[in-house]
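Please keep the sequence and the coordinates in view while reading.

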Amino acid sequence: KFNITMLGKTRRAGLSDYIRVCLDYRVFLMIMQYSACFGAELVFNNVLVSHFHDNFGVDLVSAGALAMSFGAMNLFARSLGGIASDWASARWGMQGRLWVHFLALFWEAICLFIFGCIDKSTGGWPVALVVLIFFSIFVNMAEGTSYAIVPFMIPQDLAIVSAVVGAGGTAGAVIATWAFYKYVQNALLPFKLHSFYVMFWALTVMLMRWEHLGSMWRNPAMKLVEA
């Protein structure tokens, strides 16, 4: 039988612990940043087949095959995000991790906006497929860079941070579906609106900082070496 003392703790996490962790503004921002990447992945799993079928005239079987290319990037891109984050951390510490995280979310937003500009008159499904693949790579990389930062946020509450950030991804899918896709009738506008959502939370990476780890703009470890 599992015993909490095996983890070096004297009690299980309670509701107050979850509230305390979520009140840390950096955890809240990470929750929303993860909603912008994993949430987008969940939304696209739902809308891609119908998008290719309804807007490009692709038959359902072929539309499913095209949509499958989005999920196929999971085979390597999420790990690529973690590897890139570790590479940057080895050189620039947390500053490097935050920059890689920001760039993954930033280019995810750019690719999502471009995807929302493509119809039959601007290249058709072949162009949309190419953009979709790049979008999927950055989506999955952002998921990897997110969880490359999570262990450093509140180490003593790592399990809680991991749980609430993961829940943020699911929440992001609900937010985006209801805000951008459910009621907007235009075929392409939901993708553009969704890209603004992603870009907004990408920019919040600039606000994240720790006294002992630094931020996108400051690396205390480098200052110590220089001193």
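Contact here means heavy atoms within 4.5 Å. Helices are DSSP runs (H or I, at least four residues), as strands are (E, at least two), and both are numbered from the N terminus. The model is a predicted one, in which local features need pLDDT of at least 70 and side-chain atom pairs count only at pLDDT 80 or more, while totals for chains, interfaces and linings use all residues. Residues are numbered from 1 along each chain as its sequence is written, and side-chain values use heavy atoms, with hydrogens and water left out.

Two packed helices are described by the angle between their axes and the distance between the axes. Axes are lines fitted to C-alpha atoms, for helices over the stretch in contact, and the angles run from 0 to 180 degrees between N-to-C directions. Helix α3 (residues 60-72) and α6 have axes that come within 8 Å and cross at roughly 20°. That angle makes α3 roughly parallel to α6; angles under 35 degrees count as roughly parallel, over 145 as roughly antiparallel, 65 to 115 as roughly perpendicular and the rest as oblique. The crossing of α3 past α6 is right-handed; a crossing is right-handed if the near helix is turned clockwise from the far one by less than a right angle, and left-handed if anticlockwise. On the α3 side, the contact involves Leu 66, Ser 69 and Phe 70, which meet Trp 125, Leu 129, Leu 132, Ile 133, Phe 135 and Ser 136 of α6. These residues divide into 7 nonpolar, 2 polar and no charged. In this scheme Ala, Val, Leu, Ile, Met, Phe, Trp, Tyr, Cys and Pro are nonpolar, Asp, Glu, Lys and Arg are charged, and the others, Gly among them, are polar.

Leu 129 belongs to helix α6 (residues 124-153) and touches Leu 66 and Ser 69, residues up to four places away in sequence not being counted. Leu 129 counts as buried because its relative accessibility is 18%; buried means under 20% relative accessible area, exposed over 50%, and partly exposed in between (1.4 Å probe, protein chains only). Asn 140 is also placed in α6, and with a relative accessible area of 0% it is buried. Leaving aside residues up to four places away in sequence, Asn 140 touches Glu 41, Met 73, Asn 74, Ala 77 and Arg 78. Pro 151, another residue of α6, counts as partly exposed at 36% relative accessibility.

Met 73, one of the partners of Asn 140, lies in the loop between α3 and α4 (77-92). Its relative accessible area of 12% makes Met 73 buried. With residues up to four places away in sequence again excluded, Met 73 touches Arg 78, Ile 133, Ser 136, Ile 137 and Asn 140.

Attention now turns to α2 and α5. Their axes come within 12 Å and cross at roughly 30°, and α2 and α5 are therefore roughly parallel to each other. Their crossing is left-handed. Helix α2 contributes Met 30, Gln 33, Ala 36, Cys 37, Ala 40, Phe 44, Leu 48 and His 51 to the contact, and α5 contributes His 101, Leu 105, Glu 108, Leu 112 and Phe 115. By class, this contact has 9 nonpolar, 3 polar and 1 charged residues.

Phe 115 of α5 counts as buried at 1% relative accessibility. Beyond residues up to four places away in sequence, Phe 115 touches Phe 44, Leu 48, His 51, Ala 128, Val 131, Leu 132, Leu 188 and Phe 191.

Phe 191 is among the buried residues of α8, together with Pro 190, His 194, Ser 195, Tyr 197, Val 198, Met 199, Trp 201 and Ala 202. Their cover includes α2 (25-56), α5 (94-115) and α7 (158-181).

A further packing joins helix α1 (residues 15-22) to α7, at an angle of about 70° and with axes 10 Å apart. That makes α1 roughly perpendicular to α7. Asp 17, Tyr 18, Val 21 and Cys 22 of α1 make the contact with Ile 160, Val 161, Ala 163 and Val 164 of α7. By class, the contact has 7 nonpolar, no polar and 1 charged residues.
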